[in-house]
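I opened my notebook on a structure that is new to me. I wanted to look up its sheet, its turns and its cores.

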Amino acid sequence: KTSIDLGMYILLRRSPILKHRRGLLLVDVGVFDGESLLFEAVKANMSHKVLGFEPVIDHRFFAMKKFMDEELSRSLLLYSSSEDSCARIDAASRMKGARCHCTAASSCAVLVDA
């Protein structure tokens with residue numbers, strides 16, 4: 001991690017910002033491995049919606065693995081800008097087409113390949 005990533009990670013872990021109010025709309029530019037805002041906002045379980053951008057395919061795989069390892073993959077939508085479509089990771093770790101929609105009552109992260 002860079003010092004900026006580490007600083008954001010510590011800030012998100014120690015700050016009450018993600019527990020302050022429900023239903024925040026957040027943007028994570030440069031998701032990298034998903035250890036920062038993309039993951040922490042969903043983990044807070046406060047109905048936050050996160051739009052995360054990560055152009056490097058290996059980094060998107062790291063982020064996807066983080067959600068699968070923590071059993072939060074149901075909260076992750078994967079958006080393909082070239083196909084203008086979404087997918088989810090199912091229980092068998094397979095990609096399946098999905099509506100590009102987050103419900104208001106639950107936390108949701110959308111990982112964009114741009």
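How many bridges join strand β4 to β5? I found 4 bridges between β4 (residues 85–89) and β5, and the two strands run antiparallel. Strands here are DSSP runs of E with at least two residues, helices are runs of H or I with at least four residues, and both are numbered from the N terminus. Two strands count as paired if DSSP finds at least two bridges between them.

I noted the ground rules next. The model is predicted, local features need pLDDT of at least 70, side-chain atom pairs count only at pLDDT 80 or more, and totals for chains, interfaces and linings use all residues. Residues are numbered from 1 along each chain as its sequence is written, and side-chain values use heavy atoms, with hydrogens and water left out.

**Sheet.** I looked up the strand order. The sheet is open, has 6 strands and reads β1-β2-β6-β3-β4-β5, with mixed pairing. At its edges I found β1 (25–29) and β5 (95–98), each pairing on one side only. Neighbouring strands are turned by 30° against each other on average, direction ignored.

**Hairpins.** I checked β3 against β4: they run antiparallel and 3 bridges join them. L78 stands opposite A87 in β4. The hairpin of β3 and β4 has 4 residues between the strands, and D84 in the turn has a positive phi of about 50°. Then I went on to β4 and β5. C86 stands opposite A98 in β5. That hairpin has 5 residues between its strands, and S93 takes a positive phi near 65°.

**Helix on the sheet.** I followed α4 (residues 57–69). Helix α4 lies across β3 (76–80), β4, β5 and β6 (108–112), and runs at about 160° to β6. Such angles run from 0 to 180 degrees between N-to-C directions, with axes fitted to C-alpha atoms, for helices over the stretch in contact. Contact means heavy atoms within 4.5 Å.

**Cores.** A nonpolar core is a set of buried Ala, Val, Leu, Ile, Met, Phe, Trp, Tyr and Cys residues joined through side-chain atoms within 4.5 Å. Buried means under 20% relative accessible area (1.4 Å probe, protein chains only). The largest core has 22 residues, and L18, L26, L38, F67, L76, A109 and L111 touch the most other members. Its largest share, 5 residues, comes from α3.

Terms used
Buried means under 20% relative accessible area, exposed over 50%, partly exposed in between (1.4 Å probe, protein chains only).
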